[in-house]
There are 4 protein chains.
Amino acid sequence: MNKTILIEQVAKVFVEQMPFNQFLQIKVVSLDAEQAQISFPWQDVFIGNPAQKILHGGVISAVLDNVGGMLAAAAMIDKLTEFDIVSIQQKLATLGTIDLRTDYLRPGKGVEFTASAKLIRSGNKVCVCRMELHNEKRTQIAFGTATYLVG
Amino acid sequence: MNKTILIEQVAKVFVEQMPFNQFLQIKVVSLDAEQAQISFPWQDVFIGNPAQKILHGGVISAVLDNVGGMLAAAAMIDKLTEFDIVSIQQKLATLGTIDLRTDYLRPGKGVEFTASAKLIRSGNKVCVCRMELHNEKRTQIAFGTATYLVG
Amino acid sequence: MNKTILIEQVAKVFVEQMPFNQFLQIKVVSLDAEQAQISFPWQDVFIGNPAQKILHGGVISAVLDNVGGMLAAAAMIDKLTEFDIVSIQQKLATLGTIDLRTDYLRPGKGVEFTASAKLIRSGNKVCVCRMELHNEKRTQIAFGTATYLVG
Amino acid sequence: MNKTILIEQVAKVFVEQMPFNQFLQIKVVSLDAEQAQISFPWQDVFIGNPAQKILHGGVISAVLDNVGGMLAAAAMIDKLTEFDIVSIQQKLATLGTIDLRTDYLRPGKGVEFTASAKLIRSGNKVCVCRMELHNEKRTQIAFGTATYLVG
């Protein structure tokens with residue numbers, strides 16, 4: 001099994017096997033060892049403030065954490081030298097978010113949202129990602145920075 | 001209308017009129033100008049990792065942001081000198097999270113969760129809260145720090 | 001007095017009248033309402049770890065805070081409509097860092113360092129900057145995100 | 001060599017062999033595997049804003065990072081099962097700050113400052129500390145949260 005197929009499988013796990021991501025209706029736009037991009041549609045249940053039809057801050061933090069975590073997993077797989085299913089599963093089981101900072105820039109208005117992540121530190125134990133959230137008009141809604149345990 | 005009743009009404013708005021908070025099934029345990037506490041029950045839709053029955057990181061960030069935001073609103077009301085509905089609504093409309101840091105400490109296992117917030121900086125324009133998330137066994141799951149625009 | 005001259009004076013205050021910045025030997029490379037860049041030379045007193053000749057994390061956080069704060073001041077001046085000295089000084093006196101996140105990416109090795117800042121949120125009360133630190137070989141050493149009170 | 005002596009030696013290294021900490025005139029008040037406390041006196045070179053005799057934000061971030069890093073080192077030593085000098089030095093060489101958040105609460109006025117740290121997550125690869133800075137009147141000046149690589 002090669003790395004590209006493994007990374008595709010990780011993307012599948014994120015969107016098809018994680019109940020909260022299914023609730024968010026996340027789709028993977030692109031994923032490799034350097035960057036990740038996901039999208040999700042507006043849903044009325046995402047509303048935080050009833051006076052304004054905008055995303056709840058928790059939804060924003062959740063998708064930023066998702067896209068960064070997906071990239072951390074892809075970066076981890078990219079460094080693997082052994083490809084047996086057991087060692088891969090053991091590695092992925094250790095993956096976890098250590099901390100996440102979200103900077104809320106503008107109200108979360110839109111009909112379709114895209115979250116993207118870039119790797120800014122990639123180590124054997126820890127990696128750090130920077131994330132962004134935009135709506136369908138390319139207006140930036142939020143920034144994120146997260147540290148993941150990968151080893 | 002006095003401050004205590006106004007703060008109670010803010011609590012009501014948070015849990016009854018915000019669709020995402022209704023989805024999370026948040027209840028207010030206590031709320032005054034110095035501290036806030038909310039609780040919510042386990043739901044299977046909160047699962048992040050299918051291999052482990054634990055809270056998705058996004059759910060954790062969402063409830064920490066909620067409890068901190070509720071406290072920021074209560075602290076804002078506590079400083080009001082005019083109590084007409086229009087000025088209160090104008091003030092509350094400006095309330096927003098500027099940034100949020102979540103520190104994920106332990107897997108989010110449990111059947112009933114409690115999130116609490118304390119005010120660590122309370123200004124006319126900005127306030128800063130520290131938050132904690134525990135399960136029903138008093139195991140701490142996460143820490144949070146958030147800055148809110150209040151003026 | 002026009003805005004460009006005022007912004008130049010702010011730069012002067014940062015490097016000539018702040019004792020800790022004089023200790024750091026900071027020079028302003030460029031400063032306008034959208035971006036800022038400063039530089040500083042290696043000094044042995046900056047060493048954190050004696051085993052390695054690298055910048056102490058505190059020096060890194062200090063220069064990131066500096067370059068972001070300088071940009072926040074320039075952005076504040078750019079929004080002014082009145083230019084009398086008293087209102088400008090009153091505005092600048094309120095400027096302060098609310099919170100700062102530093103992500104340490106690589107060991108702080110080098111002989112000349114450059115810190116740069118971009119404005120990612122610019123409001124009347126609060127602005128948010130993202131900062132980067134590089135050495136003379138363009139190796140990135142750190143990332144920063146800071147929220148400033150500006151009103 | 002037992003753990004208590006080793007931890008004392010780490011404290012010595014922090015204050016006696018790190019040039020930037022010597023510049024800050026840091027003294028260790030207490031250090032064990034659960035908490036750390038350091039103190040330092042006012043110096044005019046610490047001034048950020050010339051109009052106000054208060055600590056530069058960079059000095060505040062530096063001391064918070066110091067006290068957290070010292071605690072991370074003590075916690076790392078406390079978990080050791082082998083005590084030969086070489087393995088200890090190898091472990092300590094890997095210690096590094098991954099990220100640091102500082103929340104500036106009040107102006108840094110005072111003649112003698114105390115920074116303290118508590119361990120909130122202690123793992124084999126990563127540990128997370130929360131820090132506080134007070135002046136001699138017990139007025140809290142800042143809060144910090146930092147993630148350290150320890151393995």
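Trainee: Which backbone nitrogen does the side chain of B:Asn135 reach at 3.0 Å?

Mentor: A polar contact is a pair of N or O atoms within 3.5 Å, where, within protein, one must be able to donate a hydrogen and the other to accept it, and residues adjacent in sequence count only if both atoms are side-chain atoms. Here, the side chain of B:Asn135 reaches the backbone nitrogen of B:Thr139 at 3.0 Å, and a polar atom of that side chain also lies 2.9 Å from the backbone nitrogen of B:Lys137. This is a predicted model, in which local features need pLDDT of at least 70 and side-chain atom pairs count only at pLDDT 80 or more, while totals for chains, interfaces and linings use all residues. Residues are numbered from 1 along each chain as its sequence is written, chains are lettered from A and ligands numbered from 1 in the order in which they are written, and side-chain values use heavy atoms, with hydrogens and water left out.

Trainee: Is B:Asn135 buried or exposed?

Mentor: Buried means under 20% relative accessible area, exposed over 50%, and partly exposed in between, using a 1.4 Å probe and protein chains only. With a relative accessible area of 8%, B:Asn135 is buried. Contact means heavy atoms within 4.5 Å, and, not counting residues up to four places away in sequence, B:Asn135 touches B:Lys109, B:Gly110, B:Glu112, B:Phe113 and B:Ile141.

Trainee: Which residues touch the most other members of the largest nonpolar core?

Mentor: A nonpolar core is a set of buried Ala, Val, Leu, Ile, Met, Phe, Trp, Tyr and Cys residues joined through side-chain atoms within 4.5 Å. Of the 97 residues in the largest one, C:Leu133 and D:Leu133 touch the most other members. A second, separate core has 96 residues, including A:Ile77 and B:Val150.

Trainee: By what turn can chain B be laid on chain D?

Mentor: Two copies of a chain are related by a rotation about an axis and a shift along it. Copies are superposed by least squares on the C-alpha atoms of residues with pLDDT of at least 70 in both. Chain B can be laid on chain D by a turn of 180° and a shift of 0.0 Å along the axis, with an RMSD of 0.0 Å, and that is the relation of a two-fold axis.
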